[in-house]
Amino acid sequence: MSENPEINTPKVEKTVEDYCQEVLGEDFSNFQTSHLVNRYTGKTKADEISDAIESFIRVENDAIKDIDIEDLNSIMYLEEIREKKEIEKWKSRGADINVRDIPNIYDAMAIDEKITAGEYLRNIPQIIAKLSENR
């Protein structure tokens, strides 16, 4: 056996649901149970999110500036869902957050060209929390 504990630990592959929980937070279960169908795509919200998450999984370690437009659209879709849920959470606590104050994906890219899709989405809660402190 190796002395490096990471070598002895079996790798566990994350599922789409694991990524949903990680990226979208605890509220993903609300989307899983939704049976509403988008009349333009013919897919349920859960299917649309799963598709976006699959796209995210492919590019999560890529710099945002290097992601093709289709995958970038998926990241922006997930960003929108995450921001909405975070804003609702903070507003329920009495914070007054304007969505326009939240840096979007293009702002993030302008600030740091090396920021990855994963870093960006995972930082949304901290960004919104910081905005709530400044109010």
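A: Start with Lys89 and Glu86. Both lie in helix 5, three residues apart, or about one turn of the helix. A helix here is a DSSP run of H or I, at least four residues long; a strand is a run of E, at least two long; both are numbered from the N terminus. This is a predicted model, in which local features need pLDDT of at least 70 and side-chain atom pairs pLDDT 80 or more, while totals for chains, interfaces and linings use all residues. Residues are numbered from 1 along each chain as its sequence is written, and side-chain values use heavy atoms, leaving out hydrogens and water.

Lys89 and Glu86 form a salt bridge, with their closest N and O atoms 3.3 Å apart. (A salt bridge puts a side-chain nitrogen of Lys or Arg within 4 Å of a carboxyl oxygen of Asp or Glu.) Arg82 joins in too: Arg82, Glu86 and Lys89 are linked in a network of salt bridges. (Buried is under 20% relative accessible area, exposed is over 50%, and partly exposed is in between, with a 1.4 Å probe and protein chains only.)

Now look at Glu79. Glu79 also sits in helix 5. What makes Glu79 worth a stop is that it is buried yet has no salt bridge. The nearest side chain of opposite charge is Arg82, and it is 11 Å away. (Lys and Arg count as positive, Asp and Glu as negative; His and the chain ends are left out.) What does Glu79 touch instead? Pro103, Asn104, Ile105, Tyr120, Leu121 and Ile124 are its contacts, once residues up to four places away in sequence are set aside. (A contact is heavy atoms within 4.5 Å.)

Leu78 has its own set of neighbours. With residues up to four places away again not counted, Leu78 touches Leu24, Ile49, Ala52, Ile53, Phe56 and Leu121.

Next comes the core. The largest nonpolar core has 32 residues, and Ile53, Phe56, Leu78, Tyr120 and Leu121 touch the most other members. Helix 2 (16–24), helix 4 (45–59), helix 5 (69–92), helix 6 (105–111) and helix 7 (117–133) each supply at least two of its residues. Helix 7 gives the largest share, seven residues. (Such a core is a set of buried Ala, Val, Leu, Ile, Met, Phe, Trp, Tyr and Cys residues joined through side-chain atoms within 4.5 Å.)

The chain has one aromatic pair. The rings of Tyr19 and Phe56 make it: their centres are 6.1 Å apart and their planes stand at 75°, so the pair is edge-to-face. Tyr19 lies in helix 2 and Phe56 in helix 4, so the pair ties together parts 37 residues apart in sequence. (Rings of Phe, Tyr and Trp, its six-membered ring, pair with centres within 6.5 Å; planes under 30 degrees apart are stacked, over 60 edge-to-face, the rest tilted.) Both rings are buried: Tyr19 has a relative accessible area of 10%, and Phe56 has 0%.

Back to the charges. The structure holds seven salt bridges. One of them joins the side chains of Arg58 and Asp71, at 2.6 Å from N to O. Arg58 lies in helix 4 and Asp71 in helix 5, so this pair links parts 13 residues apart in sequence. Arg58 is exposed at 54%, but Asp71 is buried at 7%.

Another salt bridge joins Glu60 and Arg122, at 2.8 Å from N to O. Glu60 sits in the loop between helix 4 and helix 5 and Arg122 in helix 7, so the pair ties together parts 62 residues apart. Glu60 is buried at 10%, and Arg122 is partly exposed at 27%.

Finally, step back. The protein chain has seven helices and zero strands. Buried residues make up 40% of its 135 residues. Among contacts between residues at least 6 apart in sequence, 69% join residues at least 24 apart.

Methods:
Lys, Arg positive; Asp, Glu negative; His and termini not counted.
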